[in-house]
Amino acid sequence: MTSALARADLHPALDVPLLRDLIHPDRALWTPRELRELTSVVAGELTTPLLSILEYDPARRWWARLGLTEGVELWLLSWLPNQGTEPHDHGGAAGSFTVLTGRLAEDYRYPGGPIRSVTREVGDAIGFGAGRAHQVKNLGTVGAASVHAYSPPLVPTREYPSLLDIPPEIPPLPAHRLPLERLRELADQEGP
C-alpha cells in the first residue's frame, strides 16, 4: 500500500481497488463536479457491497462512513418513509449526493434565491457548492438510500428554522484544516 492510500480510511466492505482508485487521498479539495462523479460512480459501480451494509433504523436516519481522507468524506445514508433532515447548509463545504434506492424529495435554496423543489430518483446525482442550503426527505412509501460526499470533510452543518432563514451569505470555511487522525476521531463521534 502506498503512503497516499494509507491516508484513506475506507469502510471494510468498500475497501476495493475501484474505490481506492476513486478516493484520491492526495487531493486536498474536491469540486462539486468531482464530488458528483464520485457519488455517482460509487452508487452505480459498488451497488452490491453498498446494499450488503445498508440498514434502516425506524428511530432515526441511519448512516455509515464509507471513506475519509483529508480532502473528502463519503457516506451511505438510509431514509425510511417520512425520515428527513432539517433545513441546513454544509458549513461552507461543497457536497454531492446520488440516490441509490428509492426516491428523495429535496427543497433547496441559494442565499437570496427562491426555494426550489425536486424529486430525486434512483441514479440522480447532484453536486453543489458551498452557498447552498437544503432539506432532504423520503416522501415515498418504501425505504431509500443515498451516497453523499463533502469536501472539505467534517465541516459542521448549520440548521435553520426554515429555508427562508438562510443568511444572505453562507459563512466561509475555517482557515485551518485538520489532519486525518483528528478527522477520524471526529467522524467516529458524528454522522453526516
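Strands here are DSSP runs of E with at least two residues, and helices are DSSP runs of H or I with at least four, both numbered from the N terminus. This is a predicted model, in which local features need pLDDT of at least 70, side-chain atom pairs count only at pLDDT 80 or more, and totals for chains, interfaces and linings use all residues. Residues are numbered from 1 along each chain as its sequence is written, and side-chain values use heavy atoms, leaving out hydrogens and water.

Strands of a sheet pair through backbone hydrogen bonds, either parallel or antiparallel. Two strands count as paired if DSSP finds at least two bridges between them.

| Strand | Partner | Sense | Bridges |
|---|---|---|---|
| S3 (residues 73-79) | S10 | antiparallel | seven bridges |
| S5 (residues 94-101) | S10 | antiparallel | seven bridges |
| S4 (residues 88-89) | S9 (residues 133-137) | antiparallel | two bridges |

In S10, Ala 149 is the bridge partner of Ser 96. Why is S10 largely enclosed by the rest of the structure? Eight of the eight residues of S10 (residues 144-151) are buried, so the strand is largely enclosed. Buried means under 20% relative accessible area, exposed over 50%, and partly exposed in between (1.4 Å probe, protein chains only). On one side of S10 sit Ala 144, Ser 146, His 148 and Tyr 150, and on the other Ala 145, Val 147, Ala 149 and Ser 151, all of them buried.

**The open sheet**

Five strands form an open sheet with antiparallel pairing, in the order S7-S6-S9-S4-S11. Its edge strands, S7 (116-120) and S11 (158-159), each pair on one side only. Within this sheet, His 88 stands opposite His 134 in S9.

**The nonpolar cores**

A nonpolar core is a set of buried Ala, Val, Leu, Ile, Met, Phe, Trp, Tyr and Cys residues joined through side-chain atoms within 4.5 Å. The largest has 27 residues, and Val 42 and Leu 76 have the most contacts inside it. Helix H3 gives the most to this core, with five residues. Another core, of 13 residues, lies apart from it and includes Trp 79, Val 99, Ala 144 and Tyr 150.

**Confidence**

The predictor's confidence in each residue is called pLDDT, from 0 to 100. Its mean for the protein is 89, and 85% of the residues reach 70 or more. Among the elements, helix H1 (residues 3-6) has the lowest mean pLDDT (50) and helix H3 (residues 32-45) the highest (98).
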